[in-house]
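My entries follow the order in which I checked them.

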Amino acid sequence: MSCKKPYSPNVINSTNSFLVVEGNININDTTVVKLSRTVNIYSKTSTKPVLHAIVTTENDENRSFPLTEVSNGKYKLGGVLLDTTRKYRLRIKTSDNKEYLSDFVQPRVTPLIDSVGYTLVRDGVQFYVNTHNSKNDTRYYRWDYAETWIIHSRYISLFKATSSPRMGIVNRRLSEEISRCWASDTSSSITISSSANLTQNVIANQSIILVPLSSEKFTERYSLLVNQYAINKDAYVYYEKLKKNTEQLGSIFDAEPSQLTGNIHCITNSDEPVIGFISAGSVSHKRIFVDPEKLPHAILETPYNSCSLDSLLFTDPYFTKFYYSDEIPVNAIVDPIIQKDTLGFTGSSSACVDCTLRGTNKQPGFWQ
C-alpha cells in the first residue's frame, strides 16, 4: 500500500493550439480534407474546426486545384481526375495568415478490395476485409468506413401541429414521415496493415469494425462501406505511431507516447508542429448489406426506455402543451366526426417521435 499523488505536468495546461490535417488526395474520387486545431485536455470543447482557410492541391507542374469549404472545417475537391504520373502536395493558408505545405508525394494505385465479410464472435458481429496486390507495387494499406442503418421512432406520428390549436392538428403527409430514418457514422479509429513481412502480398480477414449484436444498427437493414487506400512506408509508420499514441495508452503495460512527425510543415513558422500526413492515390470501395434475419436473435438496445404517451383533449387547457414544448401529436383519441367537442390526441416528446433528430428521412441513393 502506498499514497497516490496527482501528477499534472505543465504540458496539460499548455495554451498551444496546433493545426491538425486529416485527409488524402484522391486521384479518382472526391478529395476531402478536414482542418482543426488541438484543444486543451481540460477544455469544454473536444473539437475546434478551422474555418475560412484557403486550401489547394498542387502538382509538380505548378497546377493548382482549389478545394471548396463545405462545412465545419471540411474542404472538398470533386469532379477532377488527377494525373497519376505527377506528384502532389497540399497548401493551406489560414485566416490568421499562416501558411502550411505538405511534401510532394507520388500517387499510388490502390488494388481492388476482394471482399468484405463478417463473422459472429462472442462480443457481436466482426466485419473484415480481404485484398491482394499481384503487381507488388505497394505493401502498406489503410482503411476507413462509413456505416448506415435504419432507425425507427418509438411512436408513429400520423398528425402534425400547426400554429392554431383548434384547427392546427392536421394529417401528416407521407413525405413528412418521421418514424423511419437512416442514421450514419464514420470510422474514428485507425486501421492499417502491411504485407511487407509476408511472402505473398495478401491481406486476409483484416478487422474493420465490431458491432454488438444487440445494437440498434441491426433493427432493420445495415450497410457498411469500406474504403481502402494504398500508402507508402512513411505514411504507415506515421499512422502506426498515431494509433499507439491515441488508442493504445492508459495502462502500465502500454508504450510511452512518441513524437509524431508527419509530412506537413508550417512555412511561416518552422518551429510550429503540424499534426497530419498527406498521401495521394486512388481509393477502392466495397459495400456490404446485412439484414437482421441473417443474424441470431438478440434483444436490441434502443434509446426509448423512458418514452410515454400523453392524452390531450381540446377541452383540456393542458392541450396547449403541444405549442409550448417539444411534444408532437401521435394519434387521434376519438373519431373527429362522432365527437367533435372532445376530440383530442395522444402525444409524446420529439425524441420519442421524430427520428430526424438522429438521422434523415430521405433514403440514401445507394440504398437497396
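I count a disulfide when two cysteine sulfur atoms lie within 2.5 Å. The model I looked at is predicted.

Entry on Cys307 and Cys352. I found that these two form a disulfide, with their sulfur atoms 2.0 Å apart. The pair joins distant parts of the chain: Cys307 is in the loop between strand 21 (283-290) and strand 22 (310-313), and Cys352 is in helix 3, 45 residues apart. I noted a torsion of about -90° about the S-S bond, so this disulfide is left-handed. Cys307 is buried at 14% relative accessible area, and Cys352 is buried at 6%.

Entry on the whole structure. My search returned two disulfides. The other one I looked up joins Cys181 and Cys355, whose sulfur atoms are 1.9 Å apart. Cys181 sits in strand 14 (residues 180-186) and Cys355 in the segment after helix 3 (350-353), 174 residues apart. The link of Cys181 and Cys355 is right-handed, with 65° about the S-S bond, and both cysteines are buried. Counting bonded cysteines along the chain, I get the pattern 1-4, 2-3.

Entry on Lys217. Is Lys217 buried or exposed? I put Lys217 down as buried because its relative accessible area is 17%, which is under the 20% limit. Lys217 lies in the loop between strand 16 (202-211) and strand 17 (222-231). Its side chain makes a polar contact with the side chain of Glu147 at 2.8 Å.

Entry on Asn331. I located Asn331 in strand 23 (residues 327-332). Asn331 is partly exposed, at 34% relative accessible area.

Notes
Residues are numbered from 1 along each chain as its sequence is written. This is a predicted model: local features need pLDDT of at least 70, side-chain atom pairs count only at pLDDT 80 or more; totals for chains, interfaces and linings use all residues. Side-chain values use heavy atoms; hydrogens and water are left out. Helices (H or I, at least four residues) and strands (E, at least two) are DSSP runs, numbered from the N terminus. Buried means under 20% relative accessible area, exposed over 50%, partly exposed in between (1.4 Å probe, protein chains only). A polar contact is a pair of N or O atoms within 3.5 Å; within protein, one must be able to donate a hydrogen and the other to accept it, and residues adjacent in sequence count only if both atoms are side-chain atoms.
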